[in-house]
Amino acid sequence: MRVSTGRANQSDSRMFNVVVEGFGIGQQRQAERVFTVPFSQLQSTIQTIARQGGVITGVFAIDGSSGNGADPMPAPAAETAAAGDAPTPAAAPAVTKAPAHATVPVNTYKPKTPFLGTVTENYSLVGEGAIGRVNHITFDLAGGDPQLEYVEGQSIGIIPEGTDANGKPHKLRLYSIASTRHGDNMATHTVSLCVRQLEYEQDGETIKGVCSTYLCDIEPAAKVKITGPVGKEMLLPDDEEANVIMLATGTGIAPMRAYLRRMFEPAERDKNGWHFRGKAWLFMGVPKTPNLLYDADFEHYLKQYPDNFRYTKAISREQQNAKGGRMYIQDRVLEHADEIFTLIEDPKTHVYMCGLKGMEPGIDEAMTAAAAAKGLDWSELRPALKKAGRWHVETY
Ligand SMILES: Cc1cc2nc3c(=O)[nH]c(=O)nc-3n(C[C@H](O)[C@H](O)[C@H](O)COP(=O)(O)OP(=O)(O)OC[C@H]3O[C@@H](n4cnc5c(N)ncnc54)[C@H](O)[C@@H]3O)c2cc1C
């Protein structure tokens with residue numbers, strides 16, 4: 001939230017603009033609104049807005065005397081709330097929006113001038129008998145000028161060494177960040193990724209992906225060209241009481257790991273001061289048990305926070321769905337349709353989906369069926385959730 005009240009005191013006669021999102025009914029809810037109130041009513045106005053589920057994105061003194069570098073006023077026309085005319089209760093459900101996007105760092109380092117990070121660790125995340133290779137790789141970002149900062153839910157770009165078939169330097173590839181903004185070691189200058197080595201057969205030949213192979217093979221102390229951060233689609237809401245449903249397949253777990261560390265990892269909670277009290281429900285889809293990523297951490301969170309965390313696995317080659325076929329993540333979604341939609345009806349609930357693009361049709365189908373069972377039309381509900389900033393998708 002942007003706050004600029006200057007040195008206000010109880011006898012202050014100045015007026016303030018309170019910038020609000022998700023407040024009011026109908027069309028009003030979707031627009032940013034500005035309420036102008038005297039200082040004497042500032043506190044009660046803020047409380048009323050919060051009680052009604054509005055998200056305050058800024059508070060500004062408007063007499064020009066604050067002199068503390070206040071942010072410029074946002075564009076929408078101001079509405080004036082006369083004395084005692086604080087916002088009235090809204091009939092429509094509240095919306096818990098993602099944080100003010102303006103404060104999220106983007107493109108600190110661009111492809112032409114990337115940051116040179118140093119690999120600090122690179123280890124396998126999969127167990128014996130797993131299909132393919134997936135590694136956890138951490139880079140030290142210390143010494144950046146400016147420092148490469150990021151928040152949970154963003155991605156960074158990696159430019160692999162070498163040249164392509166035309167002799168040109170390789171282009172960057174994006175990877176979802178798997179660490180919180182404090183990094184795995186809490187030192188606030190590392191970033192971690194969860195990378196699957198791309199490998200496929202073509203004309204009888206095994207082809208390995210350029211960047212994913214470069215990363216999975218990389219040794220500690222190696223220097224790597226990093227760009228970004230990018231992305232505002234997958235940001236967590238600020239609300240400590242939000243509910244977060246996570247649908248992940250394979251490396252789509254990366255942002256979810258960052259969220260779950262932010263929510264439940266003791267050192268992280270101490271540092272971030274964000275004491276999550278909502279419900280987090282992770283649906284994780286993999287082909288085999290040894291392909292489960294960060295499973296021990298999540299099982300630990302489950303023990304520590306049984307009232308706040310649920311963890312549902314779909315292991316396609318080992319479990320069967322109700323029809324006797326392979327158990328995919330969408331089958332788990334269908335199994336729990338009622339509970340999922342009860343949660344979604346709560347305006348504090350956000351849904352995050354991440355993984356291979358191929359997961360989208362299955363999830364869409366499951367949500368359509370699940371919504372229909374509750375008398376809801378998913379084709380209408382999904383865009384409404386998206387518009388409310390509660391439906392977050394990053395597939396690749
Ligand atoms: C926002 C975002 C976040 C991402 N996050 C992650 C992440 O967290 N972890 C992760 O591992 N990846 C992630 N990716 C994917 C990543 O960016 C790369 O695309 C991936 O690692 C492959 O890059 P590569 O250089 O290894 O493959 P490349 O050498 O670039 O090869 C990829 C190309 O190979 C071809 N190809 C691929 N599969 C086949 C096939 N079966 N048959 C024939 N041709 C094929 C396609 O032409 C494809 O474009 C993310 C992508 C995006 C956009």
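A residue counts as buried if 20 or more other C-beta atoms lie within 10 Å of its own, as exposed if 12 or fewer do, and as partly exposed in between, with C-beta atoms placed from the backbone. This is a predicted model, in which local features need pLDDT of at least 70 and side-chain atom pairs count only at pLDDT 80 or more, while totals for chains, interfaces and linings use all residues. Residues are numbered from 1 along each chain as its sequence is written.

**Confidence**
- The protein chain has an average pLDDT (the predictor's confidence in each residue, from 0 to 100) of 84, and 75% of the residues score at least 70.
- In residues 1–11 the pLDDT is below 50, and this stretch has 26 contacts in the model beyond near neighbours in sequence; two residues are in contact if their C-beta atoms, placed from the backbone, lie within 7 Å.

**Overall fold**
- Of the 396 residues of the protein chain, 39% are buried.
- Among contacts between residues at least 6 apart in sequence, 74% join residues at least 24 apart.

**Ligand shell**
- The ligand has 20 residues around it, of which Y200, G209, C211, S212 and Y396 come nearest; a residue is near if its C-beta atom, placed from the backbone, lies within 6 Å.
- Domain 2 (115–230) and domain 3 (243–395) each supply at least three residues to this shell, with domain bounds from an automatic or database domain assignment.

**Helix α10**
- Helices are DSSP runs (H or I, at least four residues), numbered from the N terminus.
- Helix α10 (residues 378–387) is hardly covered, with 1 buried residue among its 10.
- Just after α10, G389 adopts a positive phi of about 75°.

Conventions:
Helices (H or I, at least four residues) and strands (E, at least two) are DSSP runs, numbered from the N terminus.
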